[in-house]
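Please study the sequence and the structure shown below before reading on.

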Amino acid sequence: MLYGENGIFTKRVIDTLAEMADAGSLVFVDSRHHIQDFHHVIVKCNHLELLRASNYQGNLEDEDGVPEDVIEQALQTYSRKTNLPVFISCGARGMKVNLPEYIPPSTVNFQSKEKKNILTVPPFHIEGEVDICGAGDSALTGIACAAAAGADMPAAALVGNLVASVIVQQIGVTGTCTREQLLERFDAYKERLEHP
């Protein structure tokens, strides 16, 4: 997992990651400032980072004010560059993942909205105080661990969402998510979907 803006993103590093992915490794990248430079890897970023990388000219100060179709268009455009799944965390909107044509349908049974190869995994809404510090990194960790364990990409997106939802409730600390917490959150998530 790579992130930051302090010189680690040389062309050599980016190309080496792409070579590792081309050789069959699962390579996930999350970069706040350089997402547009990566290719042939699985990318996870948030919708504002994606829009900045796409040279979006609209207002990014009101993150909830960016229209859904604008986010999805930027996601599709970027996905053509990688030809691999791209995960976009969208805060209270959940997570979007663009699935190239060859990705099989999800084995996870949850409600989602699919169009243009974009799957939207609904969020687990949190009541009360939240601390979003670490939410993106924890989402990527959940995605990567699930994928490494054999989950398909929609299931990995769901795990990423659920891990992040546990982390944001841990105020003022570097959060953790245990197996038990994840399973408990998954049960609560299913319950909410089945009985809204």
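This is a predicted model: local features need pLDDT of at least 70, side-chain atom pairs count only at pLDDT 80 or more; totals for chains, interfaces and linings use all residues.

Residues are numbered from 1 along each chain as its sequence is written, and side-chain values use heavy atoms, without hydrogens and water.

The largest pocket has a volume of about 1000 Å³. A pocket is an open set of points on a 1 Å grid over the protein atoms alone, where a 1.4 Å probe fits, with protein on both sides within 12 Å along at least five of seven lines; its volume is the space filled by probe spheres set on the points. The lining, meaning residues with an atom within 4 Å of a point, comprises 37 residues, and Ser89, Gly91, Ile132, Ala135 and Gly136 lie nearest the centre. Elements giving two or more residues to this lining are β2 (42–46), α2 (47–53), α4 (135–148) and α5 (153–167). Helices are DSSP runs (H or I) of at least four residues, and strands (E) of at least two.

Two packed helices are described by the angle between their axes and the distance between the axes. Axes are lines fitted to C-alpha atoms over the stretch in contact, and angles run from 0 to 180 degrees between N-to-C directions. α4 and α5 pack at about 145°, with axes 7 Å apart.

The axes of α5 and α6 (residues 179–194) come within 10 Å and cross at roughly 110°. This makes α5 roughly perpendicular to α6, a term for angles of 65 to 115 degrees. Leu158 of α5 and Phe186 of α6 are among the contacting residues.

How values were computed. Angles under 35 degrees count as roughly parallel, over 145 as roughly antiparallel, 65 to 115 as roughly perpendicular and the rest as oblique. Contact means heavy atoms within 4.5 Å.
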